[in-house]
Amino acid sequence: MLAHIHNTSRAAPVARPLSARSLFSPASSYPPSSCPSIRRHPLVVHPGKKMARIAAPQSRPVHATPYVNHAAPVEASYDTANPSYIRKYLRTYGLTPPRAESYEVQKTRCLAQLALKSTVIDKFLYLSTLRKNNVHLFYRLVSDHLKEMTPLIYTPVVGEACQRWSEIYQQPEGMYLSWEDRGNLAAVIANWPQPHVDITVITDGSRILGLGDLGINGMGIPIGKLALYTACAGIRPEATLPLTLDLGTGNKTLREDPLYMGSRRDKISPEEEREFMDELMTALTERWPGIVIQFEDFKNPFPSLERYRHTYTCFNDDIQGTGAVILGGVINAVKRSGLPCKDHRAVFLGAGSAGVGVAKQIVDFFVREGMTEDEARACFYLVDTKGLVTADRGDKLADHKVYFARQDNEGQQLRTLDEVIDHVKPTILMGLSTLGGVFTPEILRKMADWNTHPIVFPLSNPSSKSECDFETAVTNTDGRVLFASGSPFPSVSFTNSAGETRTYSPGQGNNMYVFPGIGLGTILSKAVEVTDSMIYASGAAVAEALTGEELEQGLLYPDVTRIRAVSVVVARKVIRAAQEAKVDRETGLRSMRDDELDNYIKSRMYDPHTEVRALEREVGALLSSLGPTYAGLTGVVDDVNENSKL
């Protein structure tokens, strides 16, 4: 908050704000005391004395990173866009070059500095430092250059960053909880300096992207994921908590690496992990009731999701988010294919958590289109490392695979992807295997022979693990492929067999289309549970969010530069689904029309472009109301009066 008035006649000081408006965005849903992004120096009134200026309680840099020097202003105070009177109020006047810069000047400098970096890891580290030193400038830059910046702050570059995390580590971001902390997790969590947290992303690093067990090196995932929650859905950066669990690692190379910053123990047992997670979930919700908890990149994500989903407000993006975003693309692809749902046959290469999650979401879509559940499930053929998943294959199937195990194979066991494809003649080919290039030109040509518009979704990340690239898919299907990938690929110019030359643009089934909106909708509705209907609603919303121009271009997903607008639609659909399931606690939203709800959602979204002006107006109004008698900030009122003319 901007200021406190302390009554010294009472035994204990009572703090109350001088302004009803937040220091940040006037429309922010967070109270002023919950979103301190700069160091504030409250105005204190002592009876019979002149006003004086004292130091405020400590605040936070990006992601509430702890810091030690409480006497110094935090990094966000040094924004060179702040005018002089703001700098005087923050006691940073003279600590930065004197000229207040426009964002355009700041952006020009940042882009020039970024261009000087010769490797993607150097660019990743530059942006990480910018996020820590000037959080609002970072998000202004990302929001204006989302297509260029997203690969640098998340996939695919975050994959290499995680592999080298202990090597490139420079600064504290996020929180680490170790197995050795069990029994004291609440005390460790109490060290987090931010009083208000809306959402956390948690990983144990045991299955980072398609790169395997990286232990605590997986911290890049929660940090990057939460940056996208902020950039894409306007969840305030200080209300996010990146959290990595150090529960040991099965990666012997890491354990023997002298630079590895995690514990040197082997991975704990599932029983021990369950005990740890029980304590963690209790500790998180005791400190921040209503916190949204997103699980990410656990090797076996099903136990935690099933154990906690009806007790806590949580979801797993690998299972549910991936399923939802691919659902959105499949809905549009099925419409464009011209085939009814009942005539589709889907082969999935990869029967892990993501593959099963995607398949179940599409089953739900087929059911909503008029099929029975058994009829819908019969359309799916899952392939793992041992071949087609069947009930009589002879091995013990993981629990999550049983639902899709074929029982109509009459004892025949198909061991390779080629055998399965020749047997099924699929209309849909999904890749969640992390086997780069496994969708060969021969397989793609077969898909084109069998289908007018073959649906091919190579979804593995990073791009080196993608089952095929876009150019290969286009050239081997005569440009008729309906394509979406997990990683970004460039557009392709291609001349088809009819002699028509056109530029083809790939779809990217990136989870960022859904998880930011799921988080925002859950937060705003104050849902006590993230239901299956809320997840489905997010995917259906993506399918509906395409503009007429995007449909005309043949896109399966909206242009990524419209991601904030898409997140508004997703959040609205999630809120409506929460209301229908009666898991929402913000019941006042139920009576709003859709357009009113959209405006409400937009008003609650953090906008980095308005932060400086909101601060100017807030501080300007406060200091103007105090007038020239405020002797402690000589010269500030003159600046305020000058600024009021702008």
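## Loop residues with positive phi

Glutamate 410 is located in the loop that runs between helix H16 (399-402) and helix H17 (417-424); helices (H or I, at least four residues) and strands (E, at least two) are DSSP runs, numbered from the N terminus. Its phi is near 50°, a positive value in a residue other than glycine. Glutamate 410 is exposed, with a relative accessible area of 78% (buried means under 20% relative accessible area, exposed over 50%, partly exposed in between, with a 1.4 Å probe and protein chains only).

This is a predicted model, in which local features need pLDDT of at least 70 and side-chain atom pairs count only at pLDDT 80 or more, while totals for chains, interfaces and linings use all residues. Residues are numbered from 1 along each chain as its sequence is written, and side-chain values use heavy atoms, with hydrogens and water left out.

Lysine 526 also has a positive phi, near 55°, and is a residue other than glycine. Lysine 526 sits in the loop between helix H20 (515-525) and helix H21 (532-544). Its relative accessibility is 38%, so lysine 526 counts as partly exposed.

## Chain totals

The chain contains 26 helices and 16 strands. Of its 646 residues, 58% are buried. Among contacts (heavy atoms within 4.5 Å) with a separation of 6 or more, 69% are between residues 24 or more positions apart.

## Nonpolar cores

A nonpolar core is a set of buried Ala, Val, Leu, Ile, Met, Phe, Trp, Tyr and Cys residues joined through side-chain atoms within 4.5 Å. The largest one has 120 residues, and those with the most contacts inside it are Phe348, Phe380, Met430 and Phe457. Helix H23 (residues 563-581) gives the most to this core, contributing ten residues. There is also a second, separate core of 28 residues, which includes Phe276, Met277, Ala283 and Phe295. In soluble globular proteins, nonpolar side chains tend to be buried together.

Methionine 430 is in contact with Ile326, Val330, Val347, Phe348, Leu349, Ile362, Phe439, Phe457 and Leu459, leaving aside neighbours within four places in sequence.

## Helix H23

H23 has 19 residues and reaches 26 Å from its first C-alpha to its last, close to the 27 Å expected at 1.5 Å a residue; the expected span is 1.5 Å times one less than the number of residues. Of the 19 residues of H23, 14 are buried, so the helix is largely enclosed by the rest of the structure. Lysine 582 follows H23 and has a positive phi, near 60°.

Leucine 284 belongs to helix H11 (residues 270-287). Leucine 284 is buried, at a relative accessible area of 0%. With neighbours within four places in sequence set aside, leucine 284 contacts Ile189, Thr200, Ile202, Leu241, Leu243, Ile291 and Ile293. Its C-alpha is separated by 9.4 Å from that of alanine 190, which is 94 residues apart from leucine 284 along the chain.

Histidine 400 is found in helix H16. Histidine 400 is buried, with a relative accessible area of 19%. Not counting residues up to four places away in sequence, histidine 400 touches Phe302, Ala351, Gly352, Ser353 and Val356. For the pair histidine 400 and serine 353, the sequence separation is 47 residues and the C-alpha to C-alpha distance is 7.5 Å.

## Packing around helix H4

The axes of helix H4 (residues 135-144) and helix H5 (residues 146-153) come within 6 Å and cross at roughly 120°. Axes are lines fitted to C-alpha atoms, for helices over the stretch in contact, and angles run from 0 to 180 degrees between N-to-C directions. H4 and H5 are therefore oblique to each other (under 35 degrees is roughly parallel, over 145 roughly antiparallel, 65 to 115 roughly perpendicular and the rest oblique). Phe138, Leu141, Val142, Ser143 and Asp144 of H4 make the contact with Leu146, Met149 and Ile153 of H5. By class, this contact of H4 with H5 has six nonpolar, one polar and one charged residues; Ala, Val, Leu, Ile, Met, Phe, Trp, Tyr, Cys and Pro count as nonpolar, Asp, Glu, Lys and Arg as charged, and the others, Gly among them, as polar.

Helix H2 (residues 103-115) packs with H4 at an angle of about 80°, and their axes are 11 Å apart. H2 and H4 are therefore roughly perpendicular to each other. In H2, Tyr103, Gln106, Lys107, Cys110 and Leu111 meet Leu137, Arg140, Leu141 and Asp144 in H4. The residues of the contact of H2 with H4 divide into five nonpolar, one polar and three charged.

## A cis peptide bond

The peptide bond from threonine 155 to proline 156 is cis, and its omega is near 5°. Proline 156 is in the loop between H5 and helix H6 (157-163).
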